[in-house]
Amino acid sequence: MYIDLIVVALLLLLVIILFRRFSSFVYAFAIIDIFLRILCFLKVKVPLRELGNIFPENIPDIFEKYTNDILLDLLLWGYVFVYTCFLVYITSYFIKKKK
């Protein structure tokens, strides 16, 4: 029932406990979301019954599944904020790597 929410929350909590940096949280958040999107692609392109509905398509799907209205809007804005931070981190890393 709440397996997807629990797994994602535990993974993010583990990253916060082990690394204790906001950038680590941002990277872990993006990695989990990208992983879920890859699984969704595989689920569509490779029709395996095992993949079925076990995994959500992405993190906003988890938000939409368990919340609604104002809390959902806040979580989605938080999602956009985290991905904006991810974009800044990746862009700054790319620019530093080029020099």
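User: Hey, what volume does the largest pocket have?
Analyst: The largest pocket comes to about 200 Å³, in a predicted model where local features need pLDDT of at least 70 and side-chain atom pairs 80 or more, while totals for chains, interfaces and linings use all residues. Residues are numbered from 1 along each chain, and side-chain values use heavy atoms, without hydrogens or water.

User: Which residues line the largest pocket?
Analyst: Its lining is Ile3, Asp4, Val7, Val8, Leu11, Ile31, Ile32, Phe35, Leu36, Ile54, Phe55 and Pro56 (lining means an atom within 4 Å of a pocket point; a pocket is an open set of points on a 1 Å grid where a 1.4 Å probe fits, with protein on both sides within 12 Å along at least five of seven lines). Helix α1 gives the largest share of that lining, 5 residues.

User: And what is the lining like by class?
Analyst: The largest pocket's lining has 11 nonpolar, no polar and 1 charged residues.

User: What volume has the second largest pocket?
Analyst: About 150 Å³. Leu5, Val8, Ala9, Leu12, Phe29 and Tyr66 are among the residues lining the second largest pocket.

User: New topic: at what angle do α1 and α2 pack?
Analyst: Helix α1 (residues 3-19) and helix α2 (residues 22-45) pack at about 155 degrees, with axes 9 Å apart. They are therefore roughly antiparallel (an angle over 145 degrees).

User: Which residues make the contact?
Analyst: From α1, Val8, Leu11, Leu12, Val15, Ile16 and Phe19; from α2, Ser24, Phe25, Ala28, Phe29 and Ile32 (contact means heavy atoms within 4.5 Å). By class, that contact has 10 nonpolar, 1 polar and no charged residues.

Definitions and conventions: Axes are lines fitted to C-alpha atoms, for helices over the stretch in contact, and angles run from 0 to 180 degrees between N-to-C directions. Helices (H or I, at least four residues) and strands (E, at least two) are DSSP runs, numbered from the N terminus. Angles under 35 degrees count as roughly parallel, over 145 as roughly antiparallel, 65 to 115 as roughly perpendicular and the rest as oblique. Ala, Val, Leu, Ile, Met, Phe, Trp, Tyr, Cys and Pro count as nonpolar, Asp, Glu, Lys and Arg as charged, and the others, Gly among them, as polar. Grid points are joined across faces, edges and corners, and a volume is the space filled by probe spheres set on the points.
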